[in-house]
Amino acid sequence: MHAPWPERTAPLYGQDFASDPFSYYASLRSTFGPVAPVALEETGALRGYLVLDHAHQLEVLQDRGNIWTRDSRWYRDLVQGTLPPGHPMIPQFAHRRSRLYAEGAQHSRLSAPGNHALAQLDMLRTRDLIEELADQLITAFFGDRGPQEWNEADILGQYALPLPLLVMMRLMGMDESSALATGHAIHEMLSGGPGARRAAAELDARMRELVTGKEHSPGPDLVSWMHHFNRELHSGLDTHELSEDVWLQIVAGRGAGTTWICNTVLELLTNPDLGADVIAGRCPMEEAMNRVMWVNAPIQNLIGRWATQDTTLGDYRVNCGDMAIICLGATGADPALHAAGQDIARVNRSHLAWGAGTHACPAHDLGGLIVRTGLEVLWNRLPGMRLAVPVEELTWDLPYIARTPTALPVVFPLPPTPPVNGHSWTPPHSFLSNPPRPISTRPKERPSAPQGRLPRWRSLVAWWPRR
Ligand code: HEM
């Protein structure tokens, strides 16, 4: 029998939520328990069950009972029109023909070329690439004036936003001009302005162009390796499906990477013990990053999972087609974890900030490498960095999905230390070999030796728009 929507629904919007989501989650937990019915905007049309505790989050994400799906076409409010089709938040979770919305055999098929391609990355060389882009971005902090006695930068706009995106675009094998155009389009799309729709369509076209181009002239990059595995594994992804996966990887790597860098910088600048331990080498950067996964997870809320049958969640009877939102921002404060003596300080990796189950992040090695390298280069070159404003004065975007400050201004004194690799940032080798040629008589050809030098992306770094 159809269960009515609970009488009490908490708002998951507004100033209290935006300024201090962690206190907000705590108050939801004390009012509702581990699961809270919430509305994501004033009309109440976009609603779901917010899952606050580790055990319930795992229950939904691992889905041992085959109840929950990531396929948003199950969302009853959307199907029945309770949520108006033009609602501005629908693009955040609307179904696309990608692995993110697929289950079972279809999910495995759509994931295989991308995952196998990622496994080809040479992580040492990828680290070189990240270091060099990071060095260029830091050098660009000083602009034409060069270093002054005191210098200022916005870590969000000038570093955390561009770094993961530049890395992902480079790994995908974009040349400088298409990376520039893609960067422009992403910026426009995220600005949410009148050009956002056009920019989203342009991005889709650019992804298709990249995928088609690499099919005919492969190179040492992830897209070419995706083509290779698509053929070798007989996955049968068409151009549209391959483009969706390239797009998903760029967007996923960019968004979470940006936020994780910002949140760790903030943690290190506001938690003096941790900051001092990292500078003194008593705590590896990875442990500081891990702590952030617990206390200020880059992806705060996973929107969402949908019930494929009537079920229960916490104390609630949930109908087929209802939405669950996994609140990763609240996991670290789960009282059950603390009662069980779990140490969430630095080393415990049982947080769920990478997700869990079949849709868990397939790229945590790469994601971790981008963020760790970015932070290490930043701390090496600007050891005297500190916040330019009191932490209470920072403003935040609404943390529906990621929790990012609107800006992260810092100051740092001279002397900035020189780049780790001196002034030349072009590494001797590529981060990937070329995939085998598509037409081959040999059954298992070995990938060819690394080739070529990376193009310089100075103008791209210099162009990067400030927010
Ligand atoms: C930088 C830190 C990163 C974090 C914290 C992160 C976190 C996550 C999380 C929480 C999910 C699960 C989504 C869900 O269950 O609904 C996810 C999925 C995914 N991530 Fe990441 N991610 C990161 C970096 C990356 C990078 C660099 C890539 C690409 C190379 C990537 C590619 C993906 C893909 C393709 C999925 C979808 C998996 C699926 O649905 O099967 N992520 N990520």
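Trainee: How many aromatic pairs does the structure hold?

Mentor: The structure holds 14 aromatic pairs. Rings of Phe, Tyr and Trp (its six-membered ring) pair if their centres lie within 6.5 Å; planes under 30 degrees apart count as stacked, over 60 as edge-to-face and the rest as tilted. Do keep in mind that this is a predicted model, where local features need pLDDT of at least 70, side-chain atom pairs count only at pLDDT 80 or more, and totals for chains, interfaces and linings use all residues. Residues are numbered from 1 along each chain as its sequence is written, and side-chain values use heavy atoms, with hydrogens and water left out.

Trainee: Why is the pair of Phe 17 and Tyr 400 tilted?

Mentor: Their ring centres are 6.2 Å apart and the planes meet at 50°, so the pair counts as tilted. This pair links distant parts of the chain, 383 residues apart: Phe 17 sits in helix α1 (residues 15–19), Tyr 400 in the loop between β10 (386–387) and β11 (409–413). Helices (H or I, at least four residues) and strands (E, at least two) are DSSP runs, numbered from the N terminus.

Trainee: Is Tyr 400 buried or exposed?

Mentor: Buried means under 20% relative accessible area, exposed over 50%, partly exposed in between (1.4 Å probe, protein chains only). Tyr 400 has 13%, so it is buried, and Phe 17 is buried at 0%.

Trainee: Now the ligand. Which residues are the closest?

Mentor: A residue is near a molecule if one of its heavy atoms lies within 4 Å of it. Here 27 residues surround the ligand, the closest being Arg 70, His 107, Arg 305, His 359 and Cys 361. For polar contacts, look for a pair of N or O atoms within 3.5 Å. A ligand oxygen lies 2.6 Å from a side-chain N or O atom of Arg 70; for Arg 305 the distance is 2.7 Å. Helix α12 (239–270) is among the elements that give two or more residues to the shell, and α12 gives the most, seven residues.

Trainee: What is the protein donor to the iron atom of the ligand?

Mentor: Donors are N, O and S atoms within 2.8 Å of the metal (3.2 Å for Na, K and Ca); water is not among the atoms, so sites may look incomplete. The iron atom has a single donor from the protein, the SG of Cys 361, 2.4 Å away. Cys 361 lies in the loop between α16 (335–339) and α17.

Terms used. A polar contact is a pair of N or O atoms within 3.5 Å; within protein, one must be able to donate a hydrogen and the other to accept it, and residues adjacent in sequence count only if both atoms are side-chain atoms.
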